[in-house]
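Subject: Structure for you to look at

Hi,

Here is the structure I promised to pass on. Please open it beside this email and follow along.

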Amino acid sequence: MTSEPQSAFEGSVRLHEQNQEIEGVQVSIAEILARLNYSEAAIFAVRLSLEEAMMNGFRHGNLQDPTKFVEVRWLIDSNSASFHVIDEGDGFDPEGVPDPTLDENLEIPSGRGLMLIRAYMSDARYHAPGNHLEMTFRKAHK
Amino acid sequence: MSTETSRIRVTDLSGVMRVEFVDKDILDESAIRQISTELVKRVEAAASPRMLISFRGVEHLSSAALGTLITINSLTKKRGGQLRLSDIKPSIMEVFTITKLNKLFQIFENSEKALAGFGGK
């Protein structure tokens, strides 16, 4: 049985690396998800993934250039929540990121954002050249 | 005069530094940097630092915060001390499990259990 989405929320924002704005976006998205009866666990998953995606964009994509933006777009209905997080960097090869869960990498203090996104979202993929992350959380999947 | 409000509370429990967080979300990069600086300073000021970080009341944690914990863990070990973690709610525990950092850290159910055998009471 599939339920028809009763209402959809669509939006986009371009952010500088300024934390209050980032938190504001996360809070707004969390409110939309709560209104559409997503579970606490789902809201946790989406919020964490958004934080990690935006931070990766600012830090690794834009190399913390304060003049560059990270753009976040969302489309959320009662079945799924999809996001595009696009930075102004040159991109990267997501397959080239070392596995942080290997014993020899456990004590390296960075490189866990992407794996958390992959673990918490139903689907996450980068569009070439690697500065555009598309990720989706499906209620039915998790 | 201090210009920044501390984001942690530190209590000395018989030589064990128990750290608690003021915020329920440990996501904000600049806040995490501030926490990291403060913790590093405290670890470096102790001969063999024993630190217990309690996550009581913490609801969200980002990978940047995990990075800080890894740095503090390495530093305490290097200085002949020990770091323990406690009071981690299940949703955050999952973050430790996914990243396999539950293998790296000594994690206890609550502060009392973490303090047992740690020299503090």
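**A loop residue in chain A**

Setting aside neighbours within four places in sequence, A:Asp90 is in contact with A:Pro129 and A:Asn131. Keep in mind that this is a predicted model. A:Asp90 and A:Asn131 are 41 residues apart along the chain, but their C-alpha atoms are separated by 6.5 Å. Where is A:Asp90 placed? Look in the loop between β3 (80-87) and α3 of chain A. Is A:Asp90 buried or exposed? A:Asp90 counts as exposed, because it has 10 C-beta neighbours inside 10 Å and the cut-off for exposed is 12 or fewer.

**Where the chains meet**

The contact takes 20 residues from chain A and 21 residues from chain B. On chain A, α1 (19-35), α2 (40-61) and α3 (113-120) each supply at least two residues to the side touching chain B. α2(A) gives the most, with seven residues. By class, this side of chain A has 10 nonpolar, four polar and six charged residues.

Now turn to α1(B), residues 29-45. Its 17 residues should span 24 Å at 1.5 Å a residue, and the end C-alpha atoms are 24 Å apart, which agrees. B:Ile32, B:Ile35, B:Leu39 and B:Val43 are buried in α1(B). They cover an arc of only 65° around the axis, so they sit on the same side of the helix. An α-helix has 3.6 residues a turn, so residues three or four places apart point the same way. The buried residues of α1(B) pack against β1 (8-13), β2 (16-21), β3 (25-26), β4 (50-54) and α2 (63-78) of chain B. The face turned away carries exposed residues, including B:Arg33, B:Lys41 and B:Glu44.

Best wishes

Key:
Residues are numbered from 1 along each chain as its sequence is written. Chains are lettered from A and ligands numbered from 1 in the order in which they are written. This is a predicted model: local features need pLDDT of at least 70, side-chain atom pairs count only at pLDDT 80 or more; totals for chains, interfaces and linings use all residues. Two residues are in contact if their C-beta atoms, placed from the backbone, lie within 7 Å. Helices (H or I, at least four residues) and strands (E, at least two) are DSSP runs, numbered from the N terminus. Ala, Val, Leu, Ile, Met, Phe, Trp, Tyr, Cys and Pro count as nonpolar, Asp, Glu, Lys and Arg as charged, and the others, Gly among them, as polar. The expected span of a helix is 1.5 Å times one less than its number of residues. A residue is buried if 20 or more other C-beta atoms lie within 10 Å of its own, exposed if 12 or fewer, and partly exposed in between; C-beta atoms are placed from the backbone. The arc is that of the directions from the helix axis to the C-beta atoms.
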